[in-house]
Amino acid sequence: MEKKVKALLDTITFLVFLFFDFVDVVLCVAYELLDELFEAKPFPCYCGKKLETKELSETLFWRKNVFREMGFLSFGRKTCEAVKKRDDGNRGEVVNRWSDCGCDSCVSWMKKSNQKLHVVVKEFPQVNSEDGPREEATTENVIFLHGFLSSSSYWTRSVFKYLSEPLNHQIYRYFAVDLLGFGKSPKPNDCLYTLNDHVEMIHKSVISAYELSSFHLVAHSMGCNIALALAAKYPKFVKSVTLVAPPYFSDSNDETSSSMALNTVARKTLWPPLAFGKSVMTWELNFMVVDLTRHTHHSAWHSMHNVICGGSKFMDDYVGILINAKVKVWVIHGDQDLTVPLDCSNNLKMKFPQLKLIIVQNVDHGTVIFHRKRDFVKSLQHIWATS
């Protein structure tokens, strides 16, 4: 009976995604025509030849489409090479694409002359005790990076309220960042949202803007890849890195690691249909649902491919740099995580035994933080104190 059910499910899955493949090819043609109509320099699609650059993920180009492989509707393919570099004069031009919704969160950043990320800062000021001025305190900085389709609210509306001023003459400043393309941060349509793009904007908007000489990093899901890239670029600045549910899919073959990531986070399957709904329902919907709308298709699509999938091939190098620099790296993962399986962190620990791995029982991708905020904060404070 199980074999019959599986065969039926496989058949339905094939037919559904066969239809999606057809729609994908049709929309490729339709959007090309509309882009040509509404935009002087439309952004090229990825049906063409792969551009040889390590910053772009292979998954942008190779995901199989039955009709495209057959040459069906080939008349609609772009003749230009994928992802051509734009003219310097056009790059940086602030315009809204016709396909974007035009809501305030998508266009408000265009009104600002200084294009930086939206950053929420929580800082405890020094105060005087009854006996006179308190001994000069040292400042510890912590940068929080959210995951895919999220924003700084992920941290400010959850763990920030449980963070209190530490003792031992230390002041903590907490920076919750809206990553490039998400939340209230800029969403440029001429950007490919590579790891380097994200890292450069964090440096410009946080490290440089607030003159940080040292900091801790805390990241969730997709933010873990960006955190490792940032830490590897500035290892002398980093005191500790805490990764929550990191999407680690490293392999000796760069293309294989990218495909492993895509097939895990976005595989073609219809079952279980409630997996996504279950993870959403465990979040605090009053702000998480809003975050799901605060990005453009362009920013989300490229971040998924170039950070989650394409970024996988760099993770081993980044972690190796941190290990050699003696930076403490901690990993926290829920054993019920269906979005990013626990195997990701187990494999990371096996590859780098120096890492500290904390497996939390009976929690998933979201509840590893949201159902245990106080415990999570205590873990963070322990990590910072011992680093």
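Author: A residue is called buried when its relative accessible area is under 20%, exposed when that area is over 50%, and partly exposed in between, with a 1.4 Å probe and protein chains only. The model is predicted, which is why local features need pLDDT of at least 70 and side-chain atom pairs count only at pLDDT 80 or more, while totals for chains, interfaces and linings use all residues. Residues are numbered from 1 along each chain as its sequence is written, and side-chain values use heavy atoms, with hydrogens and water left out.

Reader: Why is Ser 221 called buried?

Author: Its relative accessibility is 9%, and the limit is under 20%, so Ser 221 counts as buried. Ser 221 sits in the loop between strand S6 (215-220) and H7, where strands are DSSP runs of E with at least two residues and helices are runs of H or I with at least four, numbered from the N terminus.

Reader: What makes the phi of Ser 221 worth a remark?

Author: Phi of Ser 221 is near 55°, a positive value in a residue other than glycine. Most residues other than glycine have a negative phi. Asn 362 also has a positive phi, of about 60°, although it is not a glycine; its place is in the loop between strand S9 (356-360) and helix H14 (367-370).

Reader: Is Asn 362 buried or exposed, and why?

Author: At 63% relative accessibility, Asn 362 passes the limit of over 50%, so it counts as exposed.

Reader: How do you know which residues Gly 147 touches?

Author: Contact means heavy atoms within 4.5 Å, and by that rule Gly 147 touches His 220, Ser 221, Met 222 and Gly 223, leaving aside residues up to four places away in sequence. Gly 147 and Gly 223 are 76 residues apart in sequence, yet their C-alpha atoms are 4.8 Å apart in space. Gly 147 belongs to the loop between strand S4 (138-145) and helix H5 (153-156), and at 2% relative accessibility it counts as buried.

Reader: What makes a group of residues a nonpolar core, and which residues have the most contacts inside the largest one?

Author: A nonpolar core is a set of buried Ala, Val, Leu, Ile, Met, Phe, Trp, Tyr and Cys residues joined through side-chain atoms within 4.5 Å. The largest has 54 residues, and those with the most contacts inside it are Ile 143, Leu 145, Val 241 and Leu 243. Helix H7 (residues 222-233) supplies the largest share of this core, nine residues. Apart from it lies another core, of 26 residues, among them Phe 160, Tyr 174, Val 363 and Val 377.

Reader: Why is the pair of Phe 160 and Tyr 174 given the name it has?

Author: A pair of aromatic rings is described by the distance of the centres and the angle of the planes. Rings of Phe, Tyr and Trp (its six-membered ring) pair if their centres lie within 6.5 Å, and planes under 30 degrees apart count as stacked, over 60 as edge-to-face and the rest as tilted. A search of the whole structure finds 15 such pairs. For Phe 160 and Tyr 174 the centres are 5.9 Å apart and the planes stand at 55°, so the pair is tilted. Phe 160 lies in the loop between H5 and strand S5 (170-177) and Tyr 174 in strand S5, so the pair ties together parts that are 14 residues apart in sequence. Phe 160, at 4%, is buried, and so is Tyr 174, at 0%.

Reader: What makes the pair of Tyr 234 and Phe 237 tilted, and how accessible is each residue?

Author: Their ring centres are 5.8 Å apart and their planes are at 40°, so this pair is tilted. Tyr 234 counts as buried at 15% relative accessibility, whereas Phe 237, at 29%, is partly exposed.

Reader: How do you know that Ser 205 makes a polar contact with Met 201?

Author: A polar contact is a pair of N or O atoms within 3.5 Å; within protein, one must be able to donate a hydrogen and the other to accept it, and residues adjacent in sequence count only if both atoms are side-chain atoms. A polar atom of the side chain of Ser 205 lies 2.8 Å from the backbone oxygen of Met 201. Ser 205 is found in helix H6 (residues 195-207), and at 3% relative accessibility it counts as buried.
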